Amino acid sequence: MSVAILWLRNDLRLHDHESLHQAVRRAQAIVPVYCFDERLFAETPYGFKRCGDLRLRFLLESVQQLQAAFAEKGVKMHVCVGKPAEQLAKLAQQTGAKWLYYHRESATEEMADEQAVEKALIQLGLECHSSWGSTLFHPDDLPFPISRLPEVFTEFRKKTERESEVRESRAIPHQMKGVTDLPADVWPPMPEQTADERAVYPFKGGEAAGLSRLQAYFWEGDHLKSYKETRNGLLGADYSSKFSPWLALGCLSPRFIYEEVRRYEKQRIANDSTYWLIFELLWRDYFRFVAFKHGKKLFFKGGIRQYTEGHAHKPKALQLWREGETGQPFIDANMLELAATGFMSNRGRQNVASYLVHHLKSDWRAGAAWFEHCLLDYDPCSNYGNWNYLAGVGNDPRENRVFNPQKQAEQYDPSGSYRRFWS
Ligand SMILES: Cc1cc2nc3c(=O)[nH]c(=O)nc-3n(C[C@H](O)[C@H](O)[C@H](O)COP(=O)(O)OP(=O)(O)OC[C@H]3O[C@@H](n4cnc5c(N)ncnc54)[C@H](O)[C@@H]3O)c2cc1C
């Protein structure tokens, strides 16, 4: 029997899955595998782990749910912990697989993993096939090569909107066959911590929960038609879509969301709000392409602009900021929400990032690392891309953008209800 390994990372879904589609077409049987990379459990130089408990919980739930979804289709999915190259090489030998299929990523560590995995599997005689599946626009369809990606988002957006098309999403393959004789799964333990009950949304990992959130936000609640007016909110489930955790792990496909927006526009209403959700998904695309273009510079202090100046890391300031003890109520409320729930609004993220850099005059990379630890929706491109932007070392065409937390609180939390909620 000819076998293909399907290496899963941030594509934890069955719908619109290019690599799954290709693997099923090619092989008689597939072995989907998720490897919890040891890197997740490493310590940062700032004294906390790279992946915090709430984020790990969401990831574990997403993998569990995908394994159950494959099982319903009669396919066994393998789960392991370690270095992907070593684990996949072992699995290739155990299953006698001929092919590897996977989706490419655009951040440096993930790309280094791809090289290591391919090298190990090619040595064992496998053919490796990668495809792209994480953005609205396929990089091959952009009106410029990534090496010439505009440094200003508006230029990227206008040209792309004018000259490129979003490809149609892939249907779930009707029939799949798995391999029954697989090694025993190894899982990291499920963390005990659960999100604070004040969380904006009871986030649960997995494709099914992501799809049901989309159903509720677009169709049942009919919130899409007013998204542009509500998106700067701070309290409650429906001021914004809350799709980001599922998008980050690929439980939701951006192309599927796009098709649902188009369907909503046909069946309900097309207005500035329906456009604006796609506009925000374009920001997400943009940061993926920025990461691809700029490589490891995204993670350096001088950012993609390669500035030579920048603030030193200030451990005490970082600690006060992380714990919501800066004394600035709007900042503290947001930081308390983040630590207790793994989520913070976009308005909050802009303010707390600006505060760490411009008020506390502290190295932005420590703040980005704390976001990486906490955020359910952590994704290297969006996180480090936005931090570069806010720290003035990224794609912001405006020099010295500083958020005044007092003024921002007056504008976005005029009654103080958000600050009281998280005090
Ligand atoms: C400092 C900082 C760090 C951030 N880190 C992350 C991160 O690690 N992961 C992440 O997904 N988003 C990140 N964001 C972007 C943004 O804050 C979140 O995507 C958004 O708040 C998620 O909520 P939502 O799904 O309800 O968004 P909505 O307002 O409903 O937007 C829909 C989708 O568009 C995308 N999107 C919206 N705004 C942005 C943006 N500024 N950049 C990139 N994509 C965007 C997201 O995928 C989001 O789910 C960061 C923003 C800042 C300022």
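This report describes the overall fold, the nonpolar cores and the cysteines of a predicted model.

**Overall architecture**

The chain contains 17 helices and five strands. Its radius of gyration is 21 Å, close to the 22 Å that the globule rule gives for 423 residues, so the chain is as compact as a globular protein of that length. The C-alpha trace spans about 65 × 50 × 45 Å along its principal axes. Buried residues make up 58% of the 423 in the chain. The accessible surface comes to about 18200 Å², and carbon and sulfur atoms account for 49% of that area. Of the contacts between residues at least 6 apart in sequence, 80% join residues at least 24 apart.

**Nonpolar cores**

The largest nonpolar core has 106 residues, among which Phe70, Phe218, Ile257 and Trp321 touch the most other members. Helix 10 (residues 272-294) supplies the largest share of this core, with twelve residues. Leaving aside residues up to four places away in sequence, Ile257 touches Leu214, Phe218, Phe243, Leu247, Leu252, Leu277 and Leu281. A second, separate core comprises 23 residues, including Val3, Leu88, Leu126 and Leu182.

**Cysteines**

The structure holds zero disulfides.

| Cysteine | Nearest cysteine sulfur | Relative accessible area |
|---|---|---|
| Cys80 | Cys35, 4.0 Å | 3% |
| Cys381 | Cys51, 17 Å | 3% |

Cys80 is in no disulfide, because a disulfide requires sulfur atoms within 2.5 Å and the sulfur of Cys35 is 4.0 Å away. Cys80 is buried, and Cys381 is likewise buried.

How values were computed: Residues are numbered from 1 along each chain as its sequence is written. This is a predicted model: local features need pLDDT of at least 70, side-chain atom pairs count only at pLDDT 80 or more; totals for chains, interfaces and linings use all residues. Side-chain values use heavy atoms; hydrogens and water are left out. A nonpolar core is a set of buried Ala, Val, Leu, Ile, Met, Phe, Trp, Tyr and Cys residues joined through side-chain atoms within 4.5 Å. Buried means under 20% relative accessible area, exposed over 50%, partly exposed in between (1.4 Å probe, protein chains only). Helices (H or I, at least four residues) and strands (E, at least two) are DSSP runs, numbered from the N terminus. Contact means heavy atoms within 4.5 Å. The radius of gyration is taken over C-alpha atoms; the globule rule is 2.2 Å times the number of residues to the power 0.38. Accessible areas come from the Shrake-Rupley method with a 1.4 Å probe; for residues, only the protein chains shown count as cover.
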